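Dear colleague,

I am passing on the structure below, together with notes on what was found in it.

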Amino acid sequence: MRSLRAILVPAMAAGALWSVPPVPAHPGPAVRHGPTASPEILQQALPAGVTEAMVREGEKLYSGAGLCSTCHGPDGKGIPRLAEDLTDARWRYSDGSYSGIVSTIEKGVSAEQSTTGIPFPPRAGANLSDAQVKAVAAYVWTLSHHGG
Ligand code: HEC
């Protein structure tokens with residue numbers, strides 16, 4: 001019966017572990033970091049005129065047709081000597097509001113203004129439509145507004 005005991009004892013020990021009551025969830029709002037438009041981020045109040053669908057579309061544009069990830073990195077944290085972090089609370093070319101971000105994407109940043117000497121072409125040089133600019137701006141807005 002040695003082999004049965006060898007199976008049962010660890011199984012019982014595991015059973016005891018499973019019966020430990022779950023640790024209560026940490027109180028307070030969830031703080032999320034990272035580029036994913038998580039459900040927690042989408043639950044918070046989005047800026048006026050922004051819908052969840054726009055954020056989702058913007059997320060696709062960010063790493064797809066919008067070309068944003070090629071300069072700002074797949075996680076939005078920036079690429080040294082190329083383009084800056086879009087996930088922090090520091091904004092150089094606007095007040096970081098949704099409309100400010102829209103306007104930066106529309107206008108771009110000239111090579112003279114840019115701290116890296118690399119220009120940010122208007123609409124990322126990707127011929128984005130007005131609706132696409134708004135969607136990608138909505139996504140970028142969520143990157144720096146983690147849970148409020
Ligand atoms: C060719 C490279 C390149 C591409 C592609 C690009 N950017 Fe940028 N972006 C830059 C550079 C360079 C800056 C200015 C960085 C600096 O001055 O440090 C910038 C700045 C910005 C800013 C201003 C940040 C602030 O502090 O105010 C926003 C917002 C932004 N980009 C969003 C986007 C979005 C959204 C896309 C895709 C639609 C995109 N960028 C694509 C290079 C790029």
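Leaving aside neighbours within four places in sequence, Cys-68 is in contact with Tyr-62, Ala-124 and Val-136, where contact requires that the C-beta atoms of two residues, placed from the backbone, lie within 7 Å. This is a predicted model, in which local features need pLDDT of at least 70 and side-chain atom pairs count only at pLDDT 80 or more, while totals for chains, interfaces and linings use all residues. Residues are numbered from 1 along each chain as its sequence is written.

Cys-68 lies in helix H4, helices being DSSP runs of H or I with at least four residues, numbered from the N terminus. Cys-68 counts as buried because it has 25 C-beta neighbours inside 10 Å, the threshold being 20 or more other C-beta atoms within 10 Å of its own, again placed from the backbone. The C-alpha atoms of Cys-68 and Arg-123 are separated by 9.8 Å, although the two residues are 55 apart along the chain.

Cys-68 is also among the residues that come nearest to the ligand, with Gly-66, Cys-71, Tyr-93 and Phe-120, out of 25 around it; a residue is near if its C-beta atom, placed from the backbone, lies within 6 Å of the molecule. Two or more residues of this shell come from each of H4 (68–72), H5 (98–107) and H6 (130–143), and H4 gives the largest share, four residues.

Finally, Ile-105, again leaving aside its neighbours within four places in sequence, is in contact with Arg-123, Ala-124, Val-133, Val-136 and Ala-137.

With best regards

Definitions and conventions. A residue is buried if 20 or more other C-beta atoms lie within 10 Å of its own, exposed if 12 or fewer, and partly exposed in between; C-beta atoms are placed from the backbone.
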